[in-house]
Amino acid sequence: MKLHRAIDFLAFGLLLLMIPAALSTPSSAEVGIGISVRVGPPALPVYEQPICPGPGYLWTPGYWAWSDGDGYYWVPGTWVVAPAGMLWTPGYWGRNGGVYGWHAGYWGPHIGFYGGVNYGFGYGGVGFVGGEWRHGAFFYNTAVMHVDTVHVTNVYVNRTVVVRNESHVSFNGEGGVRARPSREEESYRREPHRAALAEQTRHEHAASRNRELFASANHGRPTVAATGRPGEFKGHGVVAAKSAGAPYHAPRVSPKEARAPAGEAKHPASEAKHASAEGKHPASEGKHAAEGKRPAVDKHPALDKHPGPKDSHAANRPLAAPSKSNSSHAASAPRPVSAHAQNQPHEKQPHVQAAPKASPKATPAPARENSASRAGNHDKKR
């Protein structure tokens, strides 16, 4: 009898050990839509990036999340210790058929499609130019990232990806960013990947319990726009928003009335026409929300004095009826895409967006790379 009980306890213990391992195993399933609502998110607030806590941390941009009880709330951008060799593809809101659906972010060997949304700090809408993995260590591009080069020596400087972008639009689709995923980005979405880390999930949950982070209270300008570490909403590592990305318009319906079944929203790629045989990126066929063309790369939106497209305010209004309506590799260096690099002083250091396509293989750090890059190379963000 005692032997049987011992065996039962042993089997139960093994089961408990297997559960965390199973949860941490990369998933090959496609990233789906989690939440669907009929009211769009506010514009992205303007804020600066807190300094990187140390080697191995990767930046995860802030975003608007949804609460069925109180509507949109801001999840502050934060630094997270990354899984080795993996990059973070941010989540994004996509509007389709009059409904805004949330596409969750994930960790993977490549940067996938994140709606063309300019989150700043290396995430300019396509790919990521804030750094790269080299031989198991992450190197930071200090032209984009706020890094203390005295304590973090894995750095380089690449200003060739810096051009201007003034968009604060927080969603993809009609009235927002008109971007479509390339074939590469679609394939990256189907690669084995990992969901948000436990500290990222706890970070979002903590934000949902902070009344000051709800759009109804901060009107698009959260007092905690970014943090040095997940879940830390007080202290010297906390950064407040400098301004809202656009005038805030309160929804005319309650959060309960705005909620829509998840099935009503579709991934933008489901209705997109891929590039033609000539190899054009789908994004080149669409119009940017405000400028008619999607820019190749963008500066940090914190320098924007003209908030987004003029129809972006409609995102905060309910929709009476539905309307009809590159990627960076973990080990590749950012590809120069513009001959007009912005070499600005620290006070106006611009942010950037990745080039539509990254270099196919790793290249050595640029000649200007050195560990003596100081705060003058740092990019102040929204």
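This is a predicted model: local features need pLDDT of at least 70, side-chain atom pairs count only at pLDDT 80 or more; totals for chains, interfaces and linings use all residues.
1. The pocket. The largest pocket has a volume of about 510 Å³. Its lining is made up of 30 residues, and those nearest its centre are Tyr63, Trp102, Ala104, Ala196 and Glu204. By class, the lining holds 18 nonpolar, 10 polar and two charged residues.

2. What supplies the lining. At least two lining residues come from each of β3 (63-67), β4 (71-75) and α3 (198-208). The helix α3 gives the most, with five residues.

3. A stacked pair beside the pocket centre. Tyr63 and Trp102, already named among the residues nearest the centre of the largest pocket, also form an aromatic pair. A pair of aromatic rings is described by the distance of the centres and the angle of the planes. For Tyr63 and Trp102 the centres are 5.2 Å apart and the planes stand at 20°. The pair counts as stacked because planes under 30 degrees apart are given that name. Tyr63 belongs to strand β3 and Trp102 to strand β8 (residues 99-103), so their contact ties together parts that are 39 residues apart in sequence. Both Tyr63 and Trp102 are buried.

4. An edge-to-face pair. Tyr114 and Tyr123 form another kind of aromatic pair, edge-to-face, with 5.9 Å from centre to centre and 80° between the planes. These two tyrosines, Tyr114 and Tyr123, are buried.

5. Aromatic pairs in the whole structure. How many aromatic pairs does a search of the whole structure find? The count is 19. Ring pairs also link a cluster of residues, made up of Tyr47, Trp59, Trp64, Trp74, Trp79, Phe121, Trp133, Phe138 and Tyr140.

6. Charges over rings. Two arginines have the charged end over an aromatic ring. Arg134 sits over the ring of Tyr156, with its charged end 4.9 Å from the ring centre. Arg211 sits over the ring of Phe214, at 4.4 Å from the centre.

7. A three-stranded sheet. Strands β10, β11 and β12 form an open sheet in the order β10-β11-β12, and the pairing is mixed. The edges are β10 (131-134) and β12 (155-156); each has a single partner strand, so one side of each has no neighbour in the sheet. Strands of a sheet pair through backbone hydrogen bonds, either parallel or antiparallel. Here β10 and β11 (residues 137-141) run antiparallel and are joined by four bridges. Arg134, the residue placed over the ring of Tyr156, has Ala137 of β11 as its bridge partner.

Conventions: Residues are numbered from 1 along each chain as its sequence is written. Side-chain values use heavy atoms; hydrogens and water are left out. On a 1 Å grid over the protein atoms alone, a cavity is a set of points where a 1.4 Å probe fits but cannot get out, and a pocket is an open set with protein on both sides within 12 Å along at least five of seven lines; lining residues have an atom within 4 Å of a point. Grid points are joined across faces, edges and corners, and a volume is the space filled by probe spheres set on the points. Ala, Val, Leu, Ile, Met, Phe, Trp, Tyr, Cys and Pro count as nonpolar, Asp, Glu, Lys and Arg as charged, and the others, Gly among them, as polar. Rings of Phe, Tyr and Trp (its six-membered ring) pair if their centres lie within 6.5 Å; planes under 30 degrees apart count as stacked, over 60 as edge-to-face and the rest as tilted. Buried means under 20% relative accessible area, exposed over 50%, partly exposed in between (1.4 Å probe, protein chains only). A charge sits over a ring if NZ of Lys or CZ of Arg is within 6 Å of the ring centre and within 35 degrees of the ring normal. Two strands pair if DSSP finds at least two bridges between them.
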